[in-house]
Amino acid sequence: MRRIMMLLLASWLFAMSFTGCAGQEKYKKEPNTGLYAESYPYLIKTTSARWYLSTDDIELLGEEAYYDGLYAILKDAELDFADAREALKDYTYSEIPPVDIFTDFCGKAGIKEEKSLGAYYNAVSNFIKLFDGWDIVRASLLHEYVHYLTCHCADPASQFGFWTEGAAEYISLFECKNRLSRSVNMGLDISTLQPVIIEQTWNEEDKCLEPKLLYLGFAEMFIRGYAIGSTYYAVKNRRIERTAQMQEEPNAEDLSFCEAASMYAYLIETYGKETVYKNWNMDTEHMETVYGKAFPDIYREWAVWNAEQCKLLGINIDAQ
């Protein structure tokens with residue numbers, strides 16, 4: 001009996017020595033014998049991606065911190081990526097190849113986008129590159145993966161600007177759970193937000209800001225002209241200043257990301273996914289050819305819809 005108890009104890013201690021290492025057991029790193037092997041000597045293969053691991057980044061963060069951060073992200077990334085594929089399954093290829101993901105925490109690529117908040121999809125070379133460390137990567141990784149799906153795995157591919165950015169924001173923040181982004185409150189420092197904003201958009205079950213509520217509220221502020229005179233990152237992928245003329249004559253490529261996401265929700269509710277997704281490669285200056293009206297008119301009708309959604313969901317920006 002004593003021998004049996006000792007064997008059981010030894011088995012338990014052996015099992016306990018691997019507690020917290022489930023990621024390491026499930027996802028094995030292996031030598032990289034292909035792309036950029038000198039800079040990325042290791043990779044990890046998952047269902048959705050090939051993660052290329054940088055020697056310089058490992059040295060920058062320290063090996064333990066680098067791998068702890070990576071393995072902590074993999075489970076959520078796989079679940080989020082699967083959700084995005086499911087959301088787009090009728091509008092993308094039936095077989096989605098794994099996407100290549102490279103870390104570049106050292107910033108050696110020299111291509112970091114201001115808007116990226118940690119991740120960037122290169123449509124020309126077809127890869128995702130990660131910047132600034134694992135925590136900030138969580139805020140935008142699913143957004144960039146949706147770019148991969150709509151730009152590389154769809155026919156027609158989405159048109160850059162309003163259609164591509166709107167789809168990435170809508171699908172990653174409205175359609176999907178987005179565990180990655182929720183875990184870091186979309187990369188926002190909630191200490192800088194007014195208490196009433198937090199109160200109106202807080203998801204008590206998940207203990208985080210609710211992305212959809214936050215975006216509807218921010219979009220309402222743009223609609224009402226509260227952003228006039230302010231600079232922001234527009235869907236045409238550069239920083240611009242909101243002007244009074246933009247409010248009077250709205251242009252799709254000048255929209256903020258929150259406006260684009262909410263407008264996607266409106267277009268899909270009003271015209272259906274088939275119409276929106278099958279025409280996400282069209283020129284936004286000729287939207288009347290599909291929607292029967294020009295973009296400024298669509299914008300004004302969406303503005304009414306967005307206000308109704310805010311009222312329905314208890315978002316009162318006047319209280320802010």
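# Reading packed helices and a mixed sheet

User: Is the crossing of α9 past α11 left-handed or right-handed?

Analyst: In this predicted model, α9 passes α11 in a left-handed crossing (the near helix is turned anticlockwise from the far one by less than a right angle; clockwise would be right-handed). Local features need pLDDT of at least 70 and side-chain atom pairs 80 or more, while totals for chains, interfaces and linings use all residues. Residues are numbered from 1 along each chain as its sequence is written, and side-chain values use heavy atoms, without hydrogens and water.

User: At what angle do α9 and α11 pack, and which residues make the contact?

Analyst: Two packed helices are described by the angle between their axes and the distance between the axes. Here helix α9 (residues 211-223) meets helix α11 (residues 257-271) at about 110°, with the axes 8 Å apart (axes are lines fitted to C-alpha atoms, for helices over the stretch in contact, and angles run from 0 to 180 degrees between N-to-C directions). The two helices are therefore roughly perpendicular (65 to 115 degrees; under 35 is roughly parallel, over 145 roughly antiparallel, the rest oblique). On the α9 side, Tyr-215, Leu-216, Phe-218, Ala-219 and Phe-222 make the contact, and on the α11 side Phe-257, Cys-258, Glu-259, Ala-261 and Ser-262 (contact means heavy atoms within 4.5 Å). These residues comprise eight nonpolar, one polar and one charged (Ala, Val, Leu, Ile, Met, Phe, Trp, Tyr, Cys and Pro count as nonpolar, Asp, Glu, Lys and Arg as charged, the others, Gly among them, as polar).

User: How does α6 pack against α11?

Analyst: Helix α6 (residues 162-175) packs on α11 at about 80°, their axes being 8 Å apart, and so α6 is roughly perpendicular to α11. Among the residues that meet are Phe-162, Trp-163 and Tyr-170 in α6, and Phe-257, Met-263 and Leu-267 in α11. The contact of α6 with α11 divides into 13 nonpolar, two polar and two charged residues.

User: In what order do the strands of the sheet lie, and which stand at the edges?

Analyst: Six strands form an open sheet of mixed pairing, in the order β1-β2-β3-β4-β6-β5 (two strands pair if DSSP finds at least two bridges between them). Because β1 (29-31) and β5 (119-122) each have a single partner strand, one side of each edge strand is left without a neighbour in the sheet. From one strand to the next, the twist averages 25°.

User: How are β1, β2 and β3 paired?

Analyst: β1 pairs with β2 in the antiparallel sense over three bridges, with Glu-30 opposite Leu-43 in β2. Strand β2 (residues 42-45) also pairs in the antiparallel sense with strand β3 (residues 49-53), over four bridges, and β2 and β3 form a hairpin with three residues between them. Across this pair, Ile-44 stands opposite Trp-51 in β3, and Lys-45 opposite Arg-50.

User: Which helix lies across β5?

Analyst: Helix α5 (residues 134-152) lies across β3, β4, β5 and β6 (127-130), and runs at about 20° to β5.

User: How many salt bridges does the search find?

Analyst: The whole structure has 17 salt bridges (a side-chain nitrogen of Lys or Arg within 4 Å of a carboxyl oxygen of Asp or Glu). One of them joins Asp-83 to Arg-179, whose closest N and O atoms are 2.8 Å apart. Asp-83 lies in helix α4 and Arg-179 in helix α7 (residues 179-182), so the pair ties together parts 96 residues apart in sequence.
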